[in-house]
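Have the sequence and the 3D view open side by side.

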Amino acid sequence: MSTPLLDGITVVDLSQFLSGPLASLRLADLGARVIKVERPDGGDLCRRLYLSDTEIGGESTLFHAINRGKESFAADLKDPRDLDRVCAVIATADVMIQNFRPGVIERLGLDYEHVRALNPRLVYGTITGYGATGPWSGLPGQDLLAQARSGLMWLSGDPDQGPVPFGLAVADMAAGNILAQGILAGLVRRGVTGTGVHVETSLLEALLDLQFEVLTTHMNDGGRVPARAGYRNAHAYLAAPYGVYPTADGWLALAMMPMPRLAAAMDMPELTAFDADAAFLERDAIKRAIAARLATRTTADWLAVFEPADLWCAEVLDWPAVLAGEAADLLAMVQIVEDAAGRRLRTTRLPLRIDGERPSDRRAAPTIGQDTRRILDGLGE
């Protein structure tokens with residue numbers, strides 16, 4: 001793109017780990033300049049939060065994945081001189097992001113009430129674990145713990161498994177994307193009114209919002225429907241055959257479909273006896289019968305039957321299969337970024353296209369403080 005959508009917007013990111021940095025990554029991918037404020041002695045704690053034994057230059061691949069394309073400003077926020085420097089950067093910025101526990105940012109003097117006195121046009125973004133007040137506000141805002149408190153993990157897995165967490169930090173990622181949406185709306189509002197705004201979300205709010213579909217049903221059905229599905233569970237409220245089933249050599253996902261058409265495709269005339277209500281109320285028994293039949297043939301065999309019949313189904317793929325497939329290749333969601341030391345990292349890209357083009361920034365995550373001097377020079381210090 002000749003002019004990125006957020007060209008000219010400067011973001012000061014004081015956040016750590018995943019949720020806040022993901023929000024600033026979204027803004028960076030859209031063209032904003034993101035200045036990441038880090039401690040001189042070790043930087044963002046995420047630099048050492050290893051997902052596995054894989055690391056890049058002694059640092060976590062997670063850190064590199066969510067901090068590519070940013071600048072690093074080293075500052076000890078407990079040092080008055082460094083704090084003054086950070087305030088000077090904030091005074092010239094458009095956006096600030098922080099995800100400290102409630103109370104910490106106030107002790108640093110960088111809460112919204114203090115910061116907007118420096119910069120009334122600032123759009124200020126906050127992520128907490130469970131909100132700024134209330135009985136959970138002081139608890140650790142960690143992804144797995146938020147999943148546990150939100151009801152989300154109760155939806156996953158079969159009943160005999162107990163609650164099953166997501167295999168991803170879904171709370172952090174949902175909250176980061178929601179905050180990015182709020183910040184963008186705040187920038188639009190500032191363009192109309194000339195003044196900034198404080199945009200807030202939390203891991204708990206993000207996970208409750210993520211469940212809006214099933215929570216709305218639960219809150220309006222009088223408790224008639226169990227809050228968790230049964231056998232081959234894939235959704236708390238959808239009827240058979242909705243679920244994931246083993247085949248003779250893999251796994252097959254079946255979505256919503258007319259029962260008579262599925263019965264014909266699988267040569268199971270007994271399924272035609274179930275209308276829409278029965279397909280829901282007796283879904284466990286129906287799914288067990290379908291599972292037994294699917295296990296007799298390979299995934300490719302069933303796809304050859306289901307796809308021509310326009311039955312909604314998909315093979316369950318692992319990462320190598322996804323990345324090697326033509327669909328993912330055509331979407332070009334993988335890129336190679338390179339850091340100042342010449343180290344290269346394969347990672348994902350912005351999942352948006354603007355006027356048919358996907359914005360791209362091949363800069364990797366910065367080293368601690370690599371841009372401090374240049375940023376201070378820009379402030380005339």
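Which residue in S10 is the bridge partner of Val244? That partner is Ala253. Before going on, a word on the source: this is a predicted model, where local features need pLDDT of at least 70, side-chain atom pairs count only at pLDDT 80 or more, and totals for chains, interfaces and linings use all residues. Residues are numbered from 1 along each chain as its sequence is written, and side-chain values use heavy atoms, with hydrogens and water left out. Helices (H or I, at least four residues) and strands (E, at least two) are DSSP runs, numbered from the N terminus.

| Strand pair | Sense | Bridges |
|---|---|---|
| S9 (residues 243–246) and S10 | antiparallel | four bridges |
| S10 and S11 (residues 313–315) | antiparallel | three bridges |
| S1 (residues 10–13) and S6 (residues 95–98) | parallel | three bridges |

A four-residue hairpin links S9 to S10. On the S11 side, Leu254 has Cys313 as its bridge partner.

Now for the open sheet. Its six strands come in the order S5-S2-S1-S6-S7-S8, with parallel pairing. S5 (71–74) and S8 (197–202) sit at the edges with a single partner strand each, so one side of each has no neighbour in the sheet. On average, neighbouring strands here are turned by 20 degrees against each other, direction ignored. Within the sheet, Val11 has Val95 in S6 as its bridge partner.

Then the helices. H8 lies across S7 and S8, running at about 70 degrees to S8; angles run from 0 to 180 degrees between N-to-C directions, and axes are lines fitted to C-alpha atoms, for helices over the stretch in contact. H8 (residues 203–210) also packs with H6 (residues 143–150), at an angle of about 50 degrees and with the axes 9 Å apart. In contact here (heavy atoms within 4.5 Å) are, among others, Asp143 and Arg149 from H6 and Leu203 and Leu207 from H8.

Methods. Two strands pair if DSSP finds at least two bridges between them.
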